[in-house]
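Hi everyone, thanks for making time. I'd like to walk you through one model today, so please have the viewer open.

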Amino acid sequence: MRKEATAVSQPAQLHRVDGHLWDSVKKATFVLGSGLFFFAAFRNSVTWHFQRFWGASGDFWQTLWGMLYNYFGGNEWVLFFLGTMIIPTAVFWAFNGILMFADTTGKPSFITRYRIQVDKNNPVDPAKLRQAVKKVLFNQLFLSVPMVIVMYPVMKWRGNPCGPELPTFHWVLLEFFVFGLIEEVLFYYSHRLFHHPAIYRYVHKVHHEWTAPIGVVSLYAHPLEHILANMLPPIVGPVLMGSHVATTMLWFCMALLTTTISHCGYHLPFLPSPEFHDFHHLKFNQCFGVLGVLDRLHGTDAIFKTTKANERHILLLNFTPLSESVPDPPKQKK
Ligand SMILES: [Zn+2]
Ligand SMILES: [Zn+2]
């Protein structure tokens, strides 16, 4: 009897899946079709506005770069150090300053109500925070600075990093695409290697002392990890592409801001979702990459995909915290 029942229900289920798929195809065709229609209708005026905007802002950045170049008397080494070290580091600490204020005081509540691991770091342990800040400063001063010093002659050999002319907007977009891919590959595999049971406890264990990370923990790591997994993946792209220092500066700022966001422990509105890497700190053997492309390929996001954290892994476009709109299932009593 039971066998027959499944035999009947299977085609019905298949039919439902088919119907669902068909609905999705219809919806996708409608959205794409109407999108194409409007794009075709407004294409000329859109491109015109776009070019005008980038033309004007391109001139603005070019003038600014010229002023900066003259201000430092054409000293390219100073310009290079400013762009690859001073400005990205200042941006990192400015953003982390705000986050650390929220972590230690619980204010402003506008930020803290978006906490991912709701019961953690509320407030953060001051001694643990001090230790983290010290280690990050050590890594920046004694590892990042020497690496940038070595990077300079390599970039000079590769091209003209402080040349008078800035690259075009489209070229910068292409460079960022290449940088992102290179970073994903290098970070994913070096990170997975650091999780190998034979070496995990010697190096990467330090970074994982924080199972509920905060922003500044993004650079809290063993020196070897700081060089191989934190610094090299974002440096290789600009070196390979022979990028202008302005592009490298933007890229370093972006890389530091995104890694801070992915560790900050708050899923804030209109910012990239930190759920993926937060889950890595919680579970260790999932979600190794930055973009998630290689995790999908290697199946290292399989458990993550079944969790509420995955449902919350979206760009939050309203002000309701995702811990409220997608709550965890109630904990089972042991
Ligand atoms: Zn991490
Ligand atoms: Zn890890």
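First, the ground rules. This is a predicted model, where local features need pLDDT of at least 70, side-chain atom pairs count only at pLDDT 80 or more, and totals for chains, interfaces and linings use all residues. Residues are numbered from 1 along each chain as its sequence is written, while chains are lettered from A and ligands numbered from 1 in the order in which they are written.

How confident is the predictor? The average pLDDT, the predictor's confidence in each residue from 0 to 100, is 87 for the protein chain, and 83% of the residues score at least 70. Residues 1–14 stay under 50, and the model gives them zero contacts beyond four places in sequence; a contact here means C-beta atoms, placed from the backbone, within 7 Å. Where pLDDT is low, the predicted coordinates should not be read in detail.

Now the fold. The protein chain has eleven helices and zero strands, taken as DSSP runs numbered from the N terminus (helices are H or I, at least four residues; strands are E, at least two). Among contacts with a separation of 6 or more, 70% join residues 24 or more positions apart. Of the 334 residues, 29% count as buried, which requires 20 or more other C-beta atoms within 10 Å of the residue's own, again placed from the backbone.

On to the first pair. How do helix 2 and helix 4 pack? Helix 2 (residues 76–105) and helix 4 (residues 126–158) have axes 11 Å apart, at an angle of about 170 degrees. The axes are lines fitted to C-alpha atoms over the stretch in contact, with angles from 0 to 180 degrees between N-to-C directions. Helix 2 and helix 4 are therefore roughly antiparallel, a label for angles over 145 degrees, just as under 35 counts as roughly parallel. Residues meeting here include Trp-77, Phe-80 and Phe-81 from helix 2, and Val-145, Val-148 and Tyr-152 from helix 4. By class, this contact has eleven nonpolar, five polar and no charged residues. Nonpolar covers Ala, Val, Leu, Ile, Met, Phe, Trp, Tyr, Cys and Pro; charged covers Asp, Glu, Lys and Arg; the others, Gly among them, are polar.

Helix 4 also packs with helix 6 (residues 223–241): their axes come within 11 Å and cross at roughly 25 degrees. That makes helix 4 roughly parallel to helix 6. Among the residues in this contact are Leu-143, Met-147 and Arg-158 of helix 4, with His-226, Ile-227 and Val-239 of helix 6. The contact of helix 4 with helix 6 divides into ten nonpolar, three polar and one charged.

Finally, the backbone. Most residues other than glycine have a negative phi, and most peptide bonds are trans. Which bonds are cis here? Lys-107 to Pro-108 is cis, with omega near -10 degrees, and Pro-108 sits in the loop between helix 2 and helix 3. Asn-122 and Pro-123 are also joined by a cis bond, with omega about 0 degrees.

Pro-123 lies in the loop between helix 3 and helix 4, and Asn-121 is in the loop between helix 3 and helix 4 too. Asn-121 has a positive phi, near 50 degrees, and is buried, with 21 other C-beta atoms within 10 Å. Cys-287 has a positive phi of about 60 degrees. Cys-287 belongs to the loop between helix 8 and helix 9, and is buried with 26 other C-beta atoms within 10 Å.

Conventions:
Parallel < 35°, antiparallel > 145°, perpendicular 65-115°, else oblique. Contact = placed C-beta atoms within 7 Å. Buried ≥ 20, exposed ≤ 12 C-beta atoms within 10 Å, placed from the backbone.
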